[in-house]
Amino acid sequence: MRVTMFVLAFLGLHLAVGATAILMAKYFTPTLWRSHWGRRVIWGAPLLTLVATILLFLGRWQGLIWIETPMGLLAAALWVSLIAATLVLPISGILRLADWLLKRKSKRNLRDSSDSGANASEEISEELVSPERRYLLMAGATLPALAMTSGVAGVLGSYSSVKVFELPLRFPNLSPDLEGFRILHLCDLHLGLFYTLNNLEELTLELEKEKIDLIVVVGDFADRLDQLPDALRLIAALNPRYGAFATLGNHEYYRGIKQVYRTFNAGPIPLLVNSGEKIQVGASSIYVGGADDPVSMRWGAKYDSFYDETVERSMRDSESESFKLLLTHRPWAFEVAAKSGVDLSLAGHTHGGQVGFMGKSVFDVFNKNSYLWGEFEIGQNKLYTSSGIGHWFPFRLGCPTEAPIITLRKA
Ligand SMILES: [Fe+2]
């Protein structure tokens, strides 16, 4: 029943997007529609999207990775291009309307100035295109092509290598023992279709040359749980001086929370959920707490009460003199954490909205408290939201995947 509903919903969505794109392309970009190849692309793109998506699902259903992986990439590129083109085609429609108004105006002007009266307008050639009209026609035809190109660029961008970089964060009351302490912040690997164990192995080879004191894995580790044991071993083999800790993301619940617990219990990396651990660093210490994920909350509900409880339980055993570090898959625990005296919260989940500009998520513009990507602070309390290492949908435009190494510094 669920499969039938899913197939019907998918076909409905495809029909709606495909038909809208074809109709808008026909009426808003007539130049493209009249050309032989233009019309082939307009009809072919939705059709190819349907074929690639069906093959992707068949590959996944039959467990054929050699079909699933290329079809996943192709279907993602086509879907993004199709949706991007559909979104900009109304602009082409507006430009077409402006062109029609300009054409009408020039016809009227010519008719008024013509000696031969009303019949002159019939003789005005369609080829009589003013520079303004030429620009409008060109822009109208180019916009959908540009949108489709940026869609493909975004999909290809998701295959660029993970950016490893050092990020110093400053705290006024940092103990001298913690000066220069380096925390590798990993999250949202989404191991499976678009980020594989081979990719993780390549990343760990690159990270081997780094001095790492602590590794944290902040949720959405694997979409293929059979890959989780090997992934845990690969990360633990980096041998950080003070060990590694993980916490849950929503995808751990989606994929099978019982199996996730079993794997972590048998593996080398402790899972912190509503609990914490103290690490002794010289005469000082760091308390690492792991928040739970509010996956069971209904859509649109306020997270505050959930975070009040999970942050309190995660940090309950921390001592006042410890540096307090909270692992929270979603960044929206930050305000509660800051109020509770957590020095540093590390989060992911948002993938930075997967579209960024100048190191910030473009979606942060709409809501300054969305904490989608980067460094944030409330008073002396800090948050870093990583754009993540992987994704469940391969599209990255100006928002590369990343594995920051957070270095604690005294302000
Ligand atoms: Fe997530």
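Me: What should I know about the numbering and the model before I start?

Reply: Residues count from 1 along each chain as its sequence is written. The model is predicted, so local features need pLDDT of at least 70 and side-chain atom pairs count only at pLDDT 80 or more, while totals for chains, interfaces and linings use all residues; side-chain values use heavy atoms, with hydrogens and water left out.

Me: How do strands of a sheet pair?

Reply: Through backbone hydrogen bonds, either parallel or antiparallel. Here, two strands pair if DSSP finds at least two bridges between them. Helices (H or I, at least four residues) and strands (E, at least two) are DSSP runs, numbered from the N terminus.

Me: What is the order of the five strands in the open sheet?

Reply: The order is S1-S13-S2-S3-S4, with mixed pairing. S1 (163-171) and S4 (244-247) stand at the edges with a single partner strand each, so one side of each has no neighbour in the sheet. Neighbouring strands are turned by 20 degrees against each other on average, direction ignored. Inside the sheet, S2 (residues 182-186) and S13 (residues 402-410) pair antiparallel over three bridges. Arginine 182 has threonine 407 in S13 as its bridge partner.

Me: Which strands make up the open sheet of six?

Reply: S5-S6-S7-S8-S12-S11, in that order, again with mixed pairing. Its edge strands are S5 (275-281) and S11, each pairing on one side only. The twist averages 20 degrees from one strand to the next.

Me: How many bridges join S11 to S12?

Reply: Five, between S11 (residues 374-378) and S12 (residues 381-385), which run antiparallel. Isoleucine 378 has asparagine 381 as its bridge partner in S12. Glutamate 375 stands opposite tyrosine 384 in S12. The two strands form a hairpin with two residues between them, and glycine 379 in the turn has a positive phi of about 60 degrees.

Me: Now helices. At what angle do H3 and H4 cross?

Reply: First the convention: axes are lines fitted to C-alpha atoms, for helices over the stretch in contact, and angles run from 0 to 180 degrees between N-to-C directions. H3 (residues 36-62) and H4 (residues 65-113) cross at roughly 145 degrees, their axes coming within 8 Å. Contact means heavy atoms within 4.5 Å. Among the residues that meet are Ala45, Leu48 and Leu55 in H3, and Met71, Leu74 and Leu78 in H4. The contact has 13 nonpolar, four polar and two charged residues. Ala, Val, Leu, Ile, Met, Phe, Trp, Tyr, Cys and Pro count as nonpolar, Asp, Glu, Lys and Arg as charged, and the others, Gly among them, as polar.

Me: How do H8 and H9 pack?

Reply: H8 (residues 228-236) and H9 (residues 250-266) pack at about 35 degrees, with axes 10 Å apart. Leu228, Pro229 and Leu232 in H8 meet Val260, Thr263 and Phe264 in H9. That contact divides into five nonpolar, one polar and no charged residues.

Me: Which residues coordinate the iron ion?

Reply: Donors are N, O and S atoms within 2.8 Å of the metal (3.2 Å for Na, K and Ca); water is not among the atoms, so sites may look incomplete. Here they come from Asp220 (OD), Asn250 (OD1), His329 (NE2) and His349 (ND1), at 2.1 to 2.2 Å. Their spacing along the chain is D-x29-N-x78-H-x19-H. Aspartate 220 lies in the loop between S3 (214-218) and H8, and asparagine 250 in H9, 30 residues apart.
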